Amino acid sequence: MSEDKYFKAFAAYAGCNVGLAAAAAALCAFIAPAAAGSGIPEVKAYLNGVDAYSILAPSTLFVKIFGSVLGVSAGFVVGKEGPMVHTGACIANLLGQGGSRKYHLTWKWLRYFKNDRDRRDMITCGAAAGVAAAFRAPVGGVLFALEEAASWWRSALLWRTFFTTAVVAIVLRAFIQYCTTGKCGLFGEGGLIMYDVSSANAAYSAPDILAVIFLGIIGGILGSIYNYFVDKVLRTYSIINERGAVLKILLVITISLLTSCCSFGLPWIAKCIPCPTELSVSCPTVGKSGNYKSFQCPSGLFALLGAASFLGGTMRMTVSLCIILLELTNDLLLLPLVMLVLLISKTVADNFNKGVYDQILKIKGLPYLEAHAEPYMRHLVARDVVSGPLVTFSGVEQVGNILHALRTTGHNGFPVIDEPPFSEAPELCGVVLRSHLLVLLKGKNFSMDRVVTGDDILQRFAAFDFAKAGSGKGIKLEDLDIKVEEMEMYIDLHPIINASPYTVVETMSLAKAAILFRQLGLRHMCVVPKSQGRPPIVGILTRHDFMPEHILGLYPHINPDK
């Protein structure tokens, strides 16, 4: 460019960007497609109970880290909040499952996170750590996990996330101090406060409040418009991405070329302004600038509020976003105005559509359960949405019947019914999980006669054998080696049954059942008959049975808004 060879300069600039972008796209398309996008909707879905291991797999972590580095290097205008949250959750998942046998990274002392609640708590802490590291906002990270990420919150989880983000702040501070010597390039520039505008001393009066209210309304409208276009663009992307990895890479290359054209031509839009000679600080082009400096800008009042307004209109977060902005800027004087503008922008935008993360959840088809029941659920009862056919097992079941059910269904939970002579009348004695059945069948503790063997069977297994498996570690149906003569034998299921499953009467309001299902973090809910003389169970409700698509598909005449 110094020799006025602008076309060659653009070719070199765009060529580097396209190469880096294509590398990032290839990693994502061929190794871990789950790493595409922000990552926050996927983490939010996992913490809601959607147990899709590929979302937080080690390969996803690898691609997320290197793909984000390559994407930023390619000049893409991408934020770091989503990738950092997803990265933190993936690391927490890797630690929570005791490492990875596939990659020879295992730690026996981490084997205790073997149930859903502990695993979710670990990943919640990882998501909070990601926000704290991205914005250098430890308190904001805790509030983000509370407000946006986690579906179930406990008092113990509060101090655990707080401790995690405090460690993040200490580690960040230590690295910043180490890098101030110049050994880390530009990483050590500045401090924990990324945009320190506390010296601006912005003042406001009563008339400014009206402007703030107007700014909140405008931000809410613009945020909802932005979410509308995001929805349309992502749906278009999904149509292209369904046609294979090659088209995914071509799409990324096209966007890279457009981004390169915009950024390369940006300097021609406005003229350069010479640096004034009377400044008390160095110009941004002289040496290293460090933290934010108010260079030829009037005093940090409506600029921050405008950013907060638009973010509130897109993300629909209030408390966590307010604290993150305050930790970013170190300006407590604007706290009342930031609170006001966030509340107004969120209220206005909620009248048009949902937040951007909720929209992406819907586009990706992730069965996310909202905290409230839909209005039309009040007109239905639990038995109205039970899907069949119902597959049940006897307390002492034939091995062949269990294998047939496992092969022909995708169910993860099966009701177990005791019948005479093991009980006076048919009765529901619990629910057995697919993963536990596979462990039991692999142990081959079969009997020729249909008898109750009792808890002696558990002496052949360790406690961790029935614990929640990590990514790709569980026993699969193909791992079983059941011989033909063993198919006619029997196995006692009583020792591995959940003898106290959550049950609801078939006439319970579907709205109440949905709230109960979500608040307790259930995966299976048994529906039992109201009257006697009938089979002891009507069916099992899972999260898919509470999805609007399932309910409205069964009853298309129902108005979804009433």
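This is a predicted model: local features need pLDDT of at least 70, side-chain atom pairs count only at pLDDT 80 or more; totals for chains, interfaces and linings use all residues.
In what order do the 3 strands of the open sheet, S8, S9 and S10, stand, and what is their pairing? The order is S8-S9-S10, and the pairing is mixed. Residue numbers start from 1 along each chain as its sequence is written, and side-chain values rest on heavy atoms, with hydrogens and water left out.

Strands here are DSSP runs of E with at least two residues, helices are runs of H or I with at least four, and both are numbered from the N terminus. Two strands count as paired if DSSP finds at least two bridges between them.

Strand S5 (413-418) is a well-covered piece of the model. "Buried" is used for a relative accessible area under 20%, "exposed" for over 50% and "partly exposed" for anything in between, with a 1.4 Å probe and protein chains only. On that scale 6 of the 6 residues of S5 are buried, so the strand is largely enclosed by the rest of the structure. Both of its faces are covered, with Gly-413, Pro-415 and Ile-417 on one side and Phe-414, Val-416 and Asp-418 on the other. S5 pairs in parallel with S3 (residues 393-394) over 2 bridges, where Phe-393 has Val-416 as its partner. With S6 the sense is antiparallel, over 6 bridges, and Pro-415 stands opposite Val-431.

Phe-414, in S5, is buried at 0% relative accessibility. Counting contacts as heavy atoms within 4.5 Å, and leaving out residues up to four places away in sequence, Phe-414 touches Val-391, Phe-393, Ala-405, Leu-406, Thr-409, Gly-430, Val-431, Val-432, Arg-434 and Leu-437. Its C-alpha is separated by 9.9 Å from that of Cys-526, 112 residues apart along the chain. The loop between S5 and S6 (427-433) holds Pro-421, and the peptide bond from Pro-420 to Pro-421 is cis, with omega near 15°.

Now for the helices. His-86 belongs to H4 (residues 81-96) and is buried, at a relative accessible area of 0%. A polar atom of the His-86 side chain lies 2.8 Å from the backbone oxygen of Ile-55; a polar contact is a pair of N or O atoms within 3.5 Å, where within protein one must be able to donate a hydrogen and the other to accept it, and residues adjacent in sequence count only if both atoms are side-chain atoms. Beyond four places in sequence, His-86 touches Ala-34, Ala-35, Ser-38, Gly-39, Val-43, Ile-55, Leu-56, Thr-60 and Lys-64.

Leu-56 is also among the residues with the most contacts inside the largest nonpolar core, alongside Val-43, Ile-123 and Val-338; this core has 41 residues. Such a core is a set of buried Ala, Val, Leu, Ile, Met, Phe, Trp, Tyr and Cys residues joined through side-chain atoms within 4.5 Å. A second, separate core has 27 residues, including Leu-438, Val-439, Phe-461 and Ile-496.

H10 (residues 302-315) has 14 residues and spans 20 Å from first C-alpha to last, close to the 20 Å expected, that expectation being 1.5 Å times one less than the number of residues. Buried residues of H10 include Leu-304, Leu-305, Ala-308 and Ser-309, and their cover includes H4, H6 (138-149), H8 (206-241), H11 (319-329), H12 (335-350) and H13 (356-363).

Most residues other than glycine have a negative phi. Arg-316, in the loop between H10 and H11, has a positive phi of about 65° and is buried at 8% relative accessibility. Asp-4 likewise has a positive phi, about 60°, but lies in the segment before H1 (6-30) and is exposed at 54%.
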